[in-house]
Amino acid sequence: MKIKNEISRIKSKIIYGVRSYLEARHFSSDEVKQANGLGEISGNLKGKTIFITGGSRGIGLQIALRAAEDGANIVIAAKTADPHPKLPGTIYSAAKEIEAAGGKALPLQVDVRDVEQVKRAMEKAAQHFGGIDILVNNASAIDLEKTPHLTPKKFDLMHQVNTRATFMSSQACYPYLQKSSNPHILVLSPPINLAPHWLGEHLGYTLSKYGMSLCVIGLSQEWRADGIAVNALWPRTTIATAAIQHMPMGDLLCARSRQPLIMADAAYQILIRNSKTCSGNFFIDDEVLKNSGVEDLEKYNVKPGAKLQPDLFL
């Protein structure tokens, strides 16, 4: 039986490799270009199942709540099952908020660094809701220390939670997304800006975030023939989350930030698009909303009229 399974696995791998090669040769640059931008709206998120990593608070939770308004099924895959001493929210409190907003929730305690935990969580999600339509790679770790002071532990943590988890979560979700009528992967990562300033400021963190962005480029091309959209979303300004609040001068920074709702509204506009005509993009939150007809961006400011703090990498 083991030999038979191994032969089957090798056969599938060869077939997939040949198919991928032929598909890569098939697509011209013009066809790839046509698949960029927001494209047409496919429908709302009612009944769609969304798997969100690290969604117990902050931007991830806001994306979940916005989708819940349509009646989406939300899987909160995050580490916090017990209250954090400094940061609000657990997977269970997030689930209650989602259901109060009109969605269905499945809270699952998951460490995205553990691939087996991620796979089991996706299996449970698919069994519970009948499949997975959308993956939001939201989980992220940050440490802006300069190279001489960044410990190997912190370096590894950022690369495991950022780049590695994005790659492995996307890989684990692939079989489920293949079966969806409008499959999307949304990665919260920046456009790749190779200006030396950004690499020189915080090399360890920048490498880990650009790794996520490279996943967007690679997977959007690799899975284009499957109709799986892979896009990135990044904020124009800093976003007032609890993590920002606890940084040095956090109150001042929050006052110059926008609310997480702007990222949620932008994410919603991306996820309702036709996956075949909206892939491979590095979206900026306010540009998405402007292109979707939103004129009043001031409503997202924490403090009306405040001078906004630009986010990193832009």
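**Entry 1: helix 3 and helix 11.** I started with helix 3 (residues 58-68) and helix 11 (residues 261-271), which pack at about 50° with their axes 8 Å apart. Reminder on the source: this is a predicted model, where local features need pLDDT of at least 70, side-chain atom pairs count only at pLDDT 80 or more, and totals for chains, interfaces and linings use all residues. Residues are numbered from 1 along each chain as its sequence is written, and side-chain values use heavy atoms, with hydrogens and water left out.

My terms: helices are DSSP runs (H or I, at least four residues), numbered from the N terminus. Axes are lines fitted to C-alpha atoms over the stretch in contact, and angles run from 0 to 180 degrees between N-to-C directions.

Helix 3 and helix 11 are therefore oblique to each other (under 35 degrees is roughly parallel, over 145 roughly antiparallel, 65 to 115 roughly perpendicular, the rest oblique). Which residues make the contact? I noted Ile 59, Gln 62, Ile 63 and Arg 66 on helix 3, against Leu 261, Met 263, Ala 264, Asp 265, Ala 267 and Tyr 268 on helix 11 (contact means heavy atoms within 4.5 Å). By class, I get seven nonpolar, one polar and two charged (Ala, Val, Leu, Ile, Met, Phe, Trp, Tyr, Cys and Pro are nonpolar; Asp, Glu, Lys and Arg charged; the others, Gly among them, polar).

**Entry 2: helix 6 and helix 8.** Next I checked helix 6 and helix 8, whose axes are 8 Å apart at an angle of about 10°. That pair is therefore roughly parallel. The residues that meet include Phe 155, Asn 162 and Ser 170 in helix 6, and Tyr 205, Lys 209 and Leu 219 in helix 8. I wrote down eight nonpolar, eight polar and one charged for this contact.

**Entry 3: the cavity.** How many cavities of 30 Å³ or more are there? One (on a 1 Å grid over the protein atoms alone, a cavity is a set of points where a 1.4 Å probe fits but cannot get out; a pocket is an open set with protein on both sides within 12 Å along at least five of seven lines; lining residues have an atom within 4 Å of a point). Helix 6 (residues 152-177) gives the most to the lining of the largest cavity, five residues. The lining has four nonpolar, six polar and no charged residues.

**Entry 4: a pocket.** Helix 6 turned up again: it gives the most to the lining of the second largest pocket, with seven residues. I found 14 lining residues, with Ser 170, Gln 171, Ala 172, Tyr 174 and Pro 175 nearest the centre.

Terms used. Grid points are joined across faces, edges and corners, and a volume is the space filled by probe spheres set on the points. Helices (H or I, at least four residues) and strands (E, at least two) are DSSP runs, numbered from the N terminus.
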